[in-house]
Amino acid sequence: AEKESAASTEYSTDRLPLPVRMPTYVIVGASRGLGLEMVRQLAARGEAVYACVRSTNDDLKGISGDVTVVEGVDVTTEDGMNALKKGLTGVTIDCLVNNAGSYGSMPPDGDVMKMFQAQKLDAITPEIMRDTFELNTIAPLRITQTLLPQIRAPDGKVIITTSLMGSISDNTSGGSYAYRAAKAAVNQVGKSLAMDLKPKGIAAQLIHPGAVLTGFAGDQAKIPEDFKKSMHDVVPSVHGFIQAIDATTIENTGSFIHANYGEGLKPCPW
């Protein structure tokens with residue numbers, strides 16, 4: 001589970017304009033967990049959603065609404081980038097959500113404790129570091145580069161699903177070398193995107209969904225009960241994430257936001 005920050009000041013939506021509904025969302029990493037629930041909630045409120053995945057499944061197929069599934073999107077390969085571009089040919093994107101990601105050391109049996117153990121100081125390897133960076137850091141930049149000509153300018157948005165574990169000042173427990181480093185790096189990617197895209201009127205935001213009980217944390221049956229108690233259900237977590245997307249403007253571009261499970265957005269410490 002990710003350590004929650006006791007931020008001293010709340011990120012208040014009172015200072016932001018009311019959310020503007022955008023017609024076209026592209027969710028990269030949408031087959032399960034947070035991404036799947038994003039597709040479900042956005043489609044339910046009437047948005048057009050492109051769900052980009054390596055392969056579809058019954059859960060994704062079962063979502064009603066204006067949902068188009070783009071398959072073959074492995075964000076770590078050239079073929080995957082080509083499939084993404086081909087599947088979105090002619091689409092003007094109002095909001096791109098870079099949601100594909102991984103902790104980086106999940107064992108075949110889905111044991112979350114083994115996953116954490118593999119990123120301790122006496123176990124971490126260069127291979128785990130490289131693989132984790134490829135998916136969590138390089139892929140969001142590559143995806144944004146590929147789709148940038150199709151993002152609405154002005155008024156488009158680029159969102160990166162990040163983590164409080166990428167915060168340097170909030171790291172008080174060590175470990176998780178690959179995941180922490182990859183998320184700290186993607187936070188810099190997101191900040192640079194915000195600066196570079198601002199003249200075009202495109203906002204870029206880094207959003208931490210919180211500690212959410214999904215397949216990201218491995219086989220749920222193998223998660224210790226005391227560990228589960230610190231985690232939150234995916235539905236309110238995604239509700240908060242979408243609130244953070246809606247609250248994103250060119251004025252607050254480049255922020256690092258805690259979606260906070262739908263209980264009020266707040267800033268994350270860098």
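**Entry 1: aromatic rings.** I started with the side chains, and found that ring pairs link Tyr103, Phe116 and Tyr179 into a cluster. A reminder to myself first: the model is predicted. The count of aromatic pairs comes to three. I took a closer look at one pair: the ring centres of Tyr103 and Phe116 are 5.2 Å apart and the planes stand at 85°, so I noted the pair as edge-to-face, the label for angles over 60 degrees. Where do the two residues sit in the chain? Tyr103 belongs to the loop between β4 (95-98) and α4 (112-117), while Phe116 lies in helix α4, and 13 residues separate them. I also checked their accessibility: Tyr103 and Phe116 are both buried.

**Entry 2: strand β6.** Next I went to residues 203-208. Is this strand enclosed or open to the outside? Six of its six residues are buried, so β6 is largely enclosed by the rest of the structure. I checked each face in turn. One side carries Ala203, Gln205 and Ile207, the other Ala204, Leu206 and His208, and all of these are buried.

**Entry 3: neighbours of β6.** Which strands pair with it? Strand β5 (residues 157-161) runs parallel to β6 and is joined to it by five bridges. Within this pairing, I found Ile159 bridged to Gln205 of β6. To get from β5 to β6 the chain passes through helix α6 (residues 177-197), and I recorded this β-α-β crossover as right-handed. Strand β7 (residues 256-258) is also parallel to β6, with three bridges between them. Here Leu206 has Phe256 of β7 as its bridge partner.

**Entry 4: cysteines.** I looked for disulfides and the structure holds zero. I then looked up two cysteines. Cys95 has 0% relative accessibility, so I filed it as buried. Cys268 comes out at 6%, and is buried because that value is under the 20% cut-off.

**Entry 5: the whole chain.** Last, I zoomed out. I counted eight helices and eight strands. Of the 270 residues in the chain, 50% are buried.

Notes
Residues numbered from 1 in each chain as written. Predicted model: local features only at pLDDT ≥ 70, side-chain atom pairs only at ≥ 80, totals over all residues. Heavy atoms only, no water. Buried < 20%, exposed > 50% of the residue type's maximum accessible area, 1.4 Å probe, protein only. Helix = DSSP H or I, 4+ residues; strand = E, 2+ residues; numbered from the N terminus. Pairing = 2+ DSSP bridges. Right-handed = clockwise from strand over helix to strand, strands pointing away. Disulfide = S-S within 2.5 Å. Phe/Tyr/Trp six-rings, centres within 6.5 Å; stacked < 30°, edge-to-face > 60°.
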